[in-house]
Amino acid sequence: MPPEIDSSSIAGKSFLSIKDPRDCDGCCKQEERQKDEADSPVLQPTAIEQVSTTARETFSEALWKENLDLAEQAWNTQYIKGIASGTLDPRDFGHYTVQDAAYCNASTHNLKFLMDTIKHRSLRQFFEGQYKDYKKYTQDLYDQWFLKPDGADLGEAAQWYVNLENKVAHEEGGPLYYLVAMIPCLRLWPYLANKMKRANKMKDEGDDKDSNIYKFWIDENDSYQGAEEVEAVVNAYSSLIDRQKASKIYRECMYGEVNFFRSDT
């Protein structure tokens, strides 16, 4: 579960009006590259890689397609079905959300750790923006739910997911692989929100679509922009990423999303 922080332009997983960095609205602007010692050529995407992404399936598109089965499993969880229909027990929503806040707090620490290890200028700027966004969102969420600095206790599924991303950040390859680990959350949520919107359009016109208590969740999570910004970096540097390793990390994180949804109903 990216770029210059602007709470008024960030939307995403939230309760009421708190905006989530996982759904940035134009906040991730890369500055022009500057020639300095930190701008190592080895991390710069080649012209061939940049052009080829328009001619064939991108690295991140292939990873997503490999995991559509898990996306459908997420759709079929009682938690997501409950949000779609407006029948989810509010206690289950709250139970999930306070754990999600703790998950975001862990992500914030991982981003800070990775940011401090990066010497490449542009990539460090990208991680710095991600870190700032997550830090602000997490604090806002903690304030709204009256959480203490150490956050809520995590259930087994949420703890497994947090441990997985911690391992990716600290032991399994560093910054680029951590971006791979972030994408499942960033892409899955808008996928689900948009699927809910399409399902609602199929209802009879006489239905009161605004009566769903979780309409705010659907509306706030329908943008793919946050995912696309991270995917653009992964695609640009895909020649430096081991495909098999990335595929394993991506699928494990998709499973983490599904299992987290399953744990709260």
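**Exercise 1. Determine at what angle helices H8 and H10 pack and how they are oriented to each other.**

Solution. 
Step 1. In this predicted model, the axes of H8 and H10 lie 9 Å apart and form an angle of about 155°.
Step 2. An angle over 145 degrees counts as roughly antiparallel, and therefore H8 is roughly antiparallel to H10.
Step 3. The crossing in which H8 passes H10 is left-handed.
Step 4. On the H8 side, the residues that meet H10 are Leu 179, Val 180, Ile 183, Leu 186 and Arg 187. On the H10 side, the partners are Gly 226, Ala 227, Glu 228, Val 230, Glu 231, Val 233 and Val 234.
Step 5. Sorted by class, the contact of H8 with H10 comprises eight nonpolar, one polar and three charged residues.

**Exercise 2. Decide whether Glu 231 is buried or exposed, and state which residues it touches.**

Solution. 
Step 1. Glu 231 belongs to helix H10, which covers residues 225–236.
Step 2. Buried means under 20% relative accessible area; Glu 231 has 7% relative accessibility and therefore counts as buried.
Step 3. Leaving aside residues up to four places away in sequence, Glu 231 touches Ser 60, Ile 183 and Arg 187. Ile 183 and Arg 187 are also among the H8 residues that meet H10.

**Exercise 3. Describe how helix H7 is placed against helix H8.**

Solution. 
Step 1. The axes of H7 (residues 156–171) and H8 (residues 175–201) come within 8 Å and cross at roughly 155°.
Step 2. Because of this angle, H7 is roughly antiparallel to H8.
Step 3. H7 passes H8 in a left-handed crossing.
Step 4. Tyr 161, Glu 165, Val 168 and Ala 169 of H7 meet Tyr 177, Tyr 178, Ala 181 and Cys 185 of H8.
Step 5. The residues of this contact are seven nonpolar, no polar and one charged.

**Exercise 4. Locate Asp 133 and classify it as buried or exposed.**

Solution. 
Step 1. Asp 133 is part of helix H6, residues 121–144.
Step 2. With a relative accessibility of 1%, Asp 133 counts as buried.
Step 3. Thr 108 is 25 residues from Asp 133 along the chain, and their C-alpha atoms are separated by 8.6 Å.

Technical notes: Residues numbered from 1 in each chain as written. Predicted model: local features only at pLDDT ≥ 70, side-chain atom pairs only at ≥ 80, totals over all residues. Heavy atoms only, no water. Helix = DSSP H or I, 4+ residues; strand = E, 2+ residues; numbered from the N terminus. Buried < 20%, exposed > 50% of the residue type's maximum accessible area, 1.4 Å probe, protein only. Contact = heavy atoms within 4.5 Å. Axes fitted to C-alpha atoms, helices over the stretch in contact; angles between N-to-C directions. Parallel < 35°, antiparallel > 145°, perpendicular 65-115°, else oblique. Left-handed = near helix turned anticlockwise from the far one by under 90°. Nonpolar A, V, L, I, M, F, W, Y, C, P; charged D, E, K, R; others polar.
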